[in-house]
Amino acid sequence: MWSFSVSELAIPGAEIGRISATDADLGENAKLEYTILEGETGETFNITGVNQEAVITLNKPVDYESRSSYSFSVEVLNPIVDPRFLRRGPFKDRASIRVAVLDADEPPRFSRSRYHMDVSENCPPACTVGRVSAVDPDTGLTNNIRFSIDPQSDPEALFRITPDTGLITTAMELDRERDHWHNITVIATQRDNPSQVSRVLVAIETLDLNDNAPELDRQYSTAMCDSSTIGQ
């Protein structure tokens with residue numbers, strides 16, 4: 001049994017551990033190939049043989065809250081076998097592998113990767129725009145998160161957000177003829193660990209109202225002959 005561990009924050013391609021096998025033959029006869037037998041964990045991990053040593057790497061992210069450990073088998077075999085000695089086989093062996101997933105304090109996770117909201121122009125403050133939501137992936141709770149707007153994304157302070165609920169409202173009337181779109185960044189901060197921060201883009205569309213009367217583009221002047229007919 002080989003035992004390894006990996007943090008849930010590890011990225012694909014990270015090395016999990018190494019296993020080794022021995023073969024008393026030489027040259028091509030000592031060549032080894034490694035394979036992960038379990039189909040399920042074959043999607044999560046990769047194995048690559050280097051001479052008589054194999055490296056197990058992470059193929060896709062793992063989540064401690066979903067699964068805290070993985071167990072699977074690795075098979076090692078000789079890809080080249082002299083037919084005269086097949087009766088001495090099988091020329092392969094298996095080993096059991098266990099990988100423990102280590103829990104890590106993760107930043108808040110927004111319910112969407114990007115938000116699209118809209119609000120009518122000239123709506124008096126505080127006009128409701130929409131709401132963002134996030135969860136603490138370590139606990140599954142939402143009451144440990146505080147929301148704020150990155151002031152650099154809203155230099156005119158056109159919007160406000162309720163820290164506890166994520167409700168976004170207008171701080172002043174908007175004019176679609178001035179700005180059709182507003183792109184603000186909302187920050188979610190973990191209250192008990194302020195270093196855990198996530199950001200999300202919120203695209204806010206200002207909806208048009210018929211609040212402008214038509215205007216001719218210039219003043220027109222003309223002349224008419226007293227002999228003109230109707231419809232001329």
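Biologist: What does aspartate 179 form a salt bridge with?
Modeller: In this predicted model, aspartate 179 pairs with arginine 178, the closest N and O atoms being 3.8 Å apart.

Biologist: Which glutamate forms a salt bridge with arginine 178?
Modeller: Glutamate 156, with the closest N and O atoms 2.9 Å apart. That pair links distant parts of the chain, 22 residues apart: glutamate 156 sits in the loop between strands E12 and E13, arginine 178 in the loop between E14 and E15.

Biologist: OK, how many salt bridges does the structure hold?
Modeller: Nine. One of them joins the side chains of glutamate 53 and arginine 18, at 2.9 Å, N to O. Here glutamate 53 is in strand E5 and arginine 18 in strand E2, 35 residues apart.

Biologist: How exposed are glutamate 53 and arginine 18?
Modeller: Glutamate 53 has a relative accessible area of 32%, so it counts as partly exposed. Arginine 18 is also partly exposed, at 39%.

Biologist: Switching topic: which residues gather in the patch of negative charge on the surface?
Modeller: Glu65, Asp103, Asp105 and Asp192. Aspartate 192 lies in the loop between strands E15 and E16, and is exposed at 56%.

Biologist: Last one, strand E3. Which residues are on its covered face?
Modeller: Tyr34 and Ile36, while Glu33 and Thr35 are on the uncovered one. Four bridges join E3 to E6, running antiparallel, and tyrosine 34 has valine 76 as its bridge partner there.

Terms used: Residues are numbered from 1 along each chain as its sequence is written. This is a predicted model: local features need pLDDT of at least 70, side-chain atom pairs count only at pLDDT 80 or more; totals for chains, interfaces and linings use all residues. Side-chain values use heavy atoms; hydrogens and water are left out. Buried means under 20% relative accessible area, exposed over 50%, partly exposed in between (1.4 Å probe, protein chains only). Helices (H or I, at least four residues) and strands (E, at least two) are DSSP runs, numbered from the N terminus. Two strands pair if DSSP finds at least two bridges between them. Patches are made of residues with over 30% relative accessible area and no salt bridge: like charges are joined within 9 Å, nonpolar side chains (Val, Leu, Ile, Met, Phe, Trp, Tyr) within 5 Å. Accessible areas come from the Shrake-Rupley method with a 1.4 Å probe; for residues, only the protein chains shown count as cover. A salt bridge is a side-chain nitrogen of Lys or Arg within 4 Å of a carboxyl oxygen of Asp or Glu. Lys and Arg count as positive and Asp and Glu as negative; His and the chain ends are not counted. The place of a charge is taken as NZ of Lys, CZ of Arg, CG of Asp or CD of Glu.
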